[in-house]
Amino acid sequence: MKKLIINASFLLLSVTALVGCKKEVDEKFNNPEKVLDPNVPGLFTGMLNNDRVAQKYWNVRTFLTQMPGVYAQTAYIANGNTVYQQSDGYSQQYWDDFYSTGGNGSGPMALYRVMETKYNSLPAADQASQKVIMQAAKVVLIEQAAKMVDLWGDIPYSAAGSLPTSSTITNPKYDEQKALYTTFISDLAAAATYFKTATTTSAFSKADILLKGDVSKWTRYANSLRLRLLMRISKTDEATARTAVLDMLNNQANFPLVDGGNIALYSPASSDVLLAPLTNSTSDLHDAFFEGAWYATDYMLNTVMAPANDPRIPVIYDKFGRTVAGKFVPNATYRAMPITFTTAQQESSFADYAVLDSATFLYNQKLPGILITATEVNLLKAEAYERWGSTTDAKTAYDNALKQSVAFYYYLNNLNQGSGFVNVAAPSTTTVDAWVNTSSAAYSGTSTAKLQKIATQKWTHFGVLQSTEAWSEYRRTGFPVLTFPTNGKLSGFETPPNRLLYPAKEKTLNSANYQAVVSKDTRMGKIFWMP
């Protein structure tokens with residue numbers, strides 16, 4: 001069932017397929033004391049063990065570097081005439097992997113619905129002890145569902161996965177995207193409030209392969225996701241965002257965040273929300289990148305990082321080079337191929353330009369899935385302060401964010417121990433301070449210029465591994481100001497889209513409900529939070 005495609009917005013149309021997928025869930029998450037009876041903790045582990053979150057070949061190769069990474073220019077692939085054309089097959093698989101199990105994701109929607117059914121069948125005492133798991137599962141579901149909205153807009157949500165909950169196969173309606181965000185934001189607030197007074201359990205700690213049952217971290221995670229979504233809507237519903245965000249930032253004791261304690265030399269391992277690889281995992285991403293997205297990106301390296309002497313460069317990029325007379329000769333400097341290069345120019349000249357770092361990205365078997373980091377949170381805080389509060393507070397958050405991003409990328413690099421790789425020593429405080437305070441990255445200029453720097457540094461920090469978030473923030477803020485070559489591009493695909501088109505099978509198999517959103521299903525239609 002590795003590549004089984006079951007469109008779960010029509011979860012599920014085939015009784016046979018439904019039973020098959022449920023059987024697989026049962027087999028994987030049995031309660032040893034109750035044969036073929038899936039248990040809530042086991043299903044929760046399944047939700048977390050998601051190959052669309054973990055750094056896995058399929059997601060990086062077929063999605064992150066093929067669509068959002070190209071549209072946000074955080075991934076550089078062959079500059080052919082269809083470079084801005086969505087791959088329906090690959091987007092179909094991403095869609096399916098949210099709604100159903102058996103593919104390259106865990107099927108968070110499907111598993112959550114089974115969890116709901118199981119939880120509702122438990123005695124009151126068992127419900128009380130497992131409520132903490134259900135609250136955490138809701139946060140996990142919202143994080144993934146919000147990405148679905150960011151990619152497509154309206155999606156099936158409230159009525160999706162009807163079989164486990166009602167024993168009825170129903171083609172689900174599409175929920176309106178703004179209403180979904182309102183629900184997500186409200187549910188995250190409720191979850192954060194719950195976790196503040198909750199206590200962990202042994203079952204939760206064992207099942208929670210993300211945060212080890214630490215309810216204080218779940219509080220921070222729920223608050224930080226809420227901050228992300230509130231800032232996401234802030235261009236089109238500023239009043240709502242401003243009120244809620246300032247309430248959080250002015251009461252951070254009540255609304256703790258994933259901000260690394262606002263310490264520059266923080267510990268990503270203990271602060272950030274990162275999905276560590278399973279202990280038996282031996283995979284890395286070299287095939288995913290070697291098959292087309294290995295190159296440094298033009299604007300990020302040539303315009304943002306190199307002119308500022310960005311201290312992250314040595315662990316994000318490798319200078320690369322050529323073999324001359326049997327000896328490898330590295331390039332003199334870090335520079336990226338121009339975005340305007342044709343495919344032929346790329347193929348003949350790529351060795352003269354920088355590529356992604358091997359130790360950090362290509363051969364790093366310890367590379368975690370990234371859900372949210374202190375850098376992102378502090379840059380969200382910086383934007384909020386600059387727009388609605390104190391520019392002094394904004395600078396403090398911004399400076400912390402940049403320093404934390406340096407710590408984060410050196411942390412990723414140093415996870416890769418042995419195998420012949422020489423880990424790069426972290427730069428000195430003097431070097432980092434010079435970059436933060438006196439380079440082109442320094443927090444200076446008009447308020448508009450400062451907001452552009454915040455957005456650009458967030459985009460840079462997201463990079464290729466968080467291309468989906470990079471594309472969302474690029475569409476929301478308009479920064480950085482990127483140039484997309486249009487020459488020779490397929491008619492109708494001269495520029496990147498504003499959203500993904502609904503997959504073909506979804507339109508066919510859920511056709512009645514699709515008619516309600518067909519007018520929105522255009523590649524240049526805007527997600528509701530886009531200005």
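Let's begin where helix 9 and helix 11 touch in this predicted model. On the side of helix 9, the residues in contact are Tyr 181, Phe 184, Ile 185, Leu 188, Ala 189, Ala 191, Ala 192, Phe 195 and Lys 196. They meet Val 215, Trp 218, Thr 219, Ala 222, Asn 223, Leu 225, Arg 226, Leu 229, Leu 230 and Arg 232 of helix 11. Sorted by class, the residues of this contact include 14 nonpolar, two polar and three charged ones. An α-helix has 3.6 residues a turn, so residues three or four places apart point the same way.

How are the two helices arranged? Helix 9 spans residues 177–197 and helix 11 spans residues 215–232, and their axes lie 8 Å apart at an angle of about 155 degrees. Angles over 145 degrees count as roughly antiparallel, and therefore helix 9 and helix 11 are roughly antiparallel to each other. Their crossing is left-handed.

Now turn to a second pair, helix 2 (residues 40–48) and helix 6 (residues 108–120). Their axes come within 9 Å and cross at roughly 165 degrees, which makes helix 2 roughly antiparallel to helix 6. Here, too, the crossing is left-handed. Helix 2 brings Val 40, Leu 43, Phe 44, Gly 46 and Met 47 to the contact, while helix 6 brings Pro 108, Leu 111, Tyr 112, Val 114, Met 115, Lys 118 and Tyr 119. By class, this contact has 10 nonpolar residues, one polar and one charged.

Next, look at helix 3, which covers residues 57–64. Seven of its eight residues are buried, so helix 3 is largely enclosed by the rest of the structure. The buried residues are Trp 58, Asn 59, Val 60, Arg 61, Thr 62, Phe 63 and Leu 64. What lies over them? The cover includes helix 4 (68–71), helix 5 (88–99), helix 7, helix 14 (286–290) and helix 23.

Let's move on to charged residues. Side chains of opposite charge can pair when their charged atoms come close.

Lys 520, at 37% relative accessibility, counts as partly exposed.

Glu 473 is buried at a relative accessible area of 6%, and Arg 232 is buried at 0%.

In a further salt bridge, Lys 403 pairs with Asp 433, their closest N and O atoms being 3.4 Å apart. Lys 403 belongs to helix 20 (residues 391–415) and Asp 433 to helix 21 (residues 429–438), so parts 30 residues apart in sequence are tied together by this pair. Lys 403 is partly exposed, at 23% relative accessibility, and Asp 433 is partly exposed as well, at 24%.

Asn 171 is placed in the loop between helix 8 and helix 9, and it is partly exposed, with a relative accessible area of 32%. The C-alpha atoms of Asn 171 and Tyr 514 are separated by 10.0 Å, although these residues are 343 residues apart along the chain.

Thr 360 is part of helix 18 (residues 358–362) and counts as buried, at 0% relative accessibility. Which residues does Thr 360 touch? Leaving aside residues up to four places away in sequence, Thr 360 touches Val 315, Leu 367, Leu 412 and Asn 413.

Technical notes: Residues are numbered from 1 along each chain as its sequence is written. This is a predicted model: local features need pLDDT of at least 70, side-chain atom pairs count only at pLDDT 80 or more; totals for chains, interfaces and linings use all residues. Side-chain values use heavy atoms; hydrogens and water are left out. Axes are lines fitted to C-alpha atoms, for helices over the stretch in contact, and angles run from 0 to 180 degrees between N-to-C directions. Helices (H or I, at least four residues) and strands (E, at least two) are DSSP runs, numbered from the N terminus. Angles under 35 degrees count as roughly parallel, over 145 as roughly antiparallel, 65 to 115 as roughly perpendicular and the rest as oblique. A crossing is left-handed if the near helix is turned anticlockwise from the far one by less than a right angle, and right-handed if clockwise. Contact means heavy atoms within 4.5 Å. Ala, Val, Leu, Ile, Met, Phe, Trp, Tyr, Cys and Pro count as nonpolar, Asp, Glu, Lys and Arg as charged, and the others, Gly among them, as polar. Buried means under 20% relative accessible area, exposed over 50%, partly exposed in between (1.4 Å probe, protein chains only). A salt bridge is a side-chain nitrogen of Lys or Arg within 4 Å of a carboxyl oxygen of Asp or Glu.
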